[in-house]
Amino acid sequence: MGHSDADVLLHAVTDAVLGAAAAGDIGQMFPDTDPAHRGRDSAEMLAAAVAAAAAAGWSVVNVDCVVLAERPKIAPHRDAIRRRVGEIVGVPSDRVGVKAKTAEGLGPVGTGQAIAAQCVVLLRSNDL
(Lines give C-alpha, C1' and ligand atoms only; values in the text may rest on other atoms or scores of the structure.)
Protein backbone atom coordinates (compact mmCIF):
# COMPACT_ATOMS: atom_id res chain seq x y z
CA MET A 1 0.00 0.00 0.00
CA GLY A 2 1.36 3.38 -0.93
CA HIS A 3 0.68 6.52 -2.90
CA SER A 4 2.94 5.61 -5.82
CA ASP A 5 3.61 2.00 -6.79
CA ALA A 6 5.28 1.73 -3.34
CA ASP A 7 8.50 0.05 -4.47
CA VAL A 8 10.36 0.25 -1.17
CA LEU A 9 13.82 -0.40 -2.60
CA LEU A 10 13.58 2.11 -5.45
CA HIS A 11 12.22 4.72 -3.05
CA ALA A 12 15.25 4.21 -0.80
CA VAL A 13 17.62 4.53 -3.76
CA THR A 14 15.78 7.68 -4.88
CA ASP A 15 16.14 9.24 -1.44
CA ALA A 16 19.81 8.26 -1.32
CA VAL A 17 20.51 9.90 -4.70
CA LEU A 18 18.65 13.06 -3.75
CA GLY A 19 20.28 13.18 -0.33
CA ALA A 20 23.80 12.68 -1.68
CA ALA A 21 23.20 15.52 -4.15
CA ALA A 22 21.70 17.73 -1.39
CA ALA A 23 18.59 17.92 -3.57
CA GLY A 24 15.91 17.23 -0.97
CA ASP A 25 14.00 13.98 -0.73
CA ILE A 26 11.41 11.92 -2.52
CA GLY A 27 8.53 13.60 -0.70
CA GLN A 28 9.65 17.03 -1.87
CA MET A 29 10.16 15.94 -5.48
CA PHE A 30 7.03 13.76 -5.63
CA PRO A 31 4.63 14.88 -2.87
CA ASP A 32 1.94 12.38 -1.95
CA THR A 33 -0.48 15.30 -1.80
CA ASP A 34 -0.27 15.60 -5.60
CA PRO A 35 -2.76 13.25 -7.27
CA ALA A 36 -0.47 13.11 -10.33
CA HIS A 37 1.85 10.83 -8.36
CA ARG A 38 -0.79 8.25 -7.41
CA GLY A 39 0.38 4.90 -8.75
CA ARG A 40 3.49 6.48 -10.29
CA ASP A 41 6.23 4.11 -11.40
CA SER A 42 9.09 4.23 -8.88
CA ALA A 43 11.61 3.61 -11.66
CA GLU A 44 10.49 6.91 -13.25
CA MET A 45 10.92 8.64 -9.90
CA LEU A 46 14.44 7.26 -9.50
CA ALA A 47 15.34 8.27 -13.07
CA ALA A 48 14.11 11.80 -12.35
CA ALA A 49 16.23 11.93 -9.18
CA VAL A 50 19.31 10.78 -11.12
CA ALA A 51 18.57 13.44 -13.76
CA ALA A 52 18.25 16.10 -11.04
CA ALA A 53 21.59 15.03 -9.57
CA ALA A 54 23.16 15.14 -13.04
CA ALA A 55 21.77 18.64 -13.60
CA ALA A 56 23.47 19.65 -10.36
CA GLY A 57 26.78 18.21 -11.59
CA TRP A 58 26.77 14.72 -10.06
CA SER A 59 26.85 11.19 -11.42
CA VAL A 60 26.28 7.91 -9.63
CA VAL A 61 29.38 5.82 -8.85
CA ASN A 62 27.77 2.98 -6.89
CA VAL A 63 24.72 1.97 -4.89
CA ASP A 64 24.55 -0.20 -1.77
CA CYS A 65 21.22 -1.32 -0.33
CA VAL A 66 19.80 -3.45 2.44
CA VAL A 67 16.24 -4.76 2.21
CA LEU A 68 14.66 -5.61 5.55
CA ALA A 69 11.91 -8.18 5.02
CA GLU A 70 10.76 -11.60 6.08
CA ARG A 71 9.36 -12.18 2.60
CA PRO A 72 9.73 -12.20 -0.27
CA LYS A 73 13.16 -13.77 -0.18
CA ILE A 74 15.56 -11.50 -2.05
CA ALA A 75 18.32 -13.99 -2.94
CA PRO A 76 16.49 -15.56 -5.93
CA HIS A 77 15.92 -12.07 -7.37
CA ARG A 78 19.18 -10.36 -6.36
CA ASP A 79 20.87 -10.40 -9.78
CA ALA A 80 17.76 -9.09 -11.57
CA ILE A 81 17.36 -6.34 -8.96
CA ARG A 82 21.01 -5.34 -9.32
CA ARG A 83 20.68 -5.19 -13.11
CA ARG A 84 17.48 -3.11 -12.98
CA VAL A 85 18.78 -0.62 -10.43
CA GLY A 86 22.01 -0.30 -12.41
CA GLU A 87 20.05 0.37 -15.62
CA ILE A 88 18.03 3.11 -13.97
CA VAL A 89 20.95 4.90 -12.30
CA GLY A 90 23.38 4.35 -15.18
CA VAL A 91 25.99 2.06 -13.65
CA PRO A 92 26.95 -1.57 -14.30
CA SER A 93 25.24 -4.11 -12.05
CA ASP A 94 28.57 -4.92 -10.40
CA ARG A 95 28.36 -1.45 -8.82
CA VAL A 96 25.01 -2.21 -7.20
CA GLY A 97 24.94 -4.05 -3.89
CA VAL A 98 21.72 -5.61 -2.65
CA LYS A 99 21.60 -7.42 0.67
CA ALA A 100 18.64 -8.80 2.60
CA LYS A 101 18.09 -9.01 6.33
CA THR A 102 15.20 -10.33 8.36
CA ALA A 103 14.00 -8.98 11.66
CA GLU A 104 13.74 -12.50 13.08
CA GLY A 105 10.11 -12.17 14.06
CA LEU A 106 10.43 -8.78 15.75
CA GLY A 107 8.31 -5.72 15.00
CA PRO A 108 6.29 -5.02 11.87
CA VAL A 109 9.09 -6.21 9.55
CA GLY A 110 9.60 -9.40 11.54
CA THR A 111 5.91 -10.26 11.52
CA GLY A 112 5.66 -9.67 7.78
CA GLN A 113 3.53 -6.54 8.08
CA ALA A 114 6.16 -4.23 6.59
CA ILE A 115 9.20 -4.08 4.36
CA ALA A 116 11.94 -1.48 4.73
CA ALA A 117 15.05 -0.60 2.75
CA GLN A 118 18.15 1.43 3.46
CA CYS A 119 20.47 2.64 0.77
CA VAL A 120 23.70 4.57 0.33
CA VAL A 121 24.73 6.11 -2.99
CA LEU A 122 28.17 7.41 -3.86
CA LEU A 123 28.17 10.34 -6.27
CA ARG A 124 31.09 11.78 -8.20
CA SER A 125 31.32 15.43 -9.16
CA ASN A 126 31.25 15.85 -12.92
CA ASP A 127 33.77 18.68 -12.43
CA LEU A 128 36.56 16.22 -11.64
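**A tour from pocket to helix pair**

Start with α1 (8–20) and α4: each supplies at least two residues of the lining of the largest pocket. Helices here are DSSP runs of H or I, at least four residues long, numbered from the N terminus. This is a predicted model, where local features need pLDDT of at least 70, side-chain atom pairs count only at pLDDT 80 or more, and totals for chains, interfaces and linings use all residues. Residues are numbered from 1 along each chain as its sequence is written, and side-chain values use heavy atoms, leaving out hydrogens and water.

**The pocket**

Select D7, V8, L9, L10 and I81. Of the 13 lining residues, these lie nearest the centre of the largest pocket. By class, the lining has eleven nonpolar, no polar and two charged residues. (Ala, Val, Leu, Ile, Met, Phe, Trp, Tyr, Cys and Pro count as nonpolar; Asp, Glu, Lys and Arg as charged; the others, Gly among them, as polar.) A pocket is an open set of points on a 1 Å grid over the protein atoms alone, where a 1.4 Å probe fits, with protein on both sides within 12 Å along at least five of seven lines; lining residues have an atom within 4 Å of a point.

**S42**

Next, select S42, in helix α3. Show its contacts, meaning heavy atoms within 4.5 Å. Not counting residues up to four places away in sequence, S42 touches S4, D5, A6, D7, L10 and H11.

**α3 against α4**

Now select A43, L46, A47 and V50 in α3; they meet R84, I88 and V89 in α4. The contact has six nonpolar, no polar and one charged residues.
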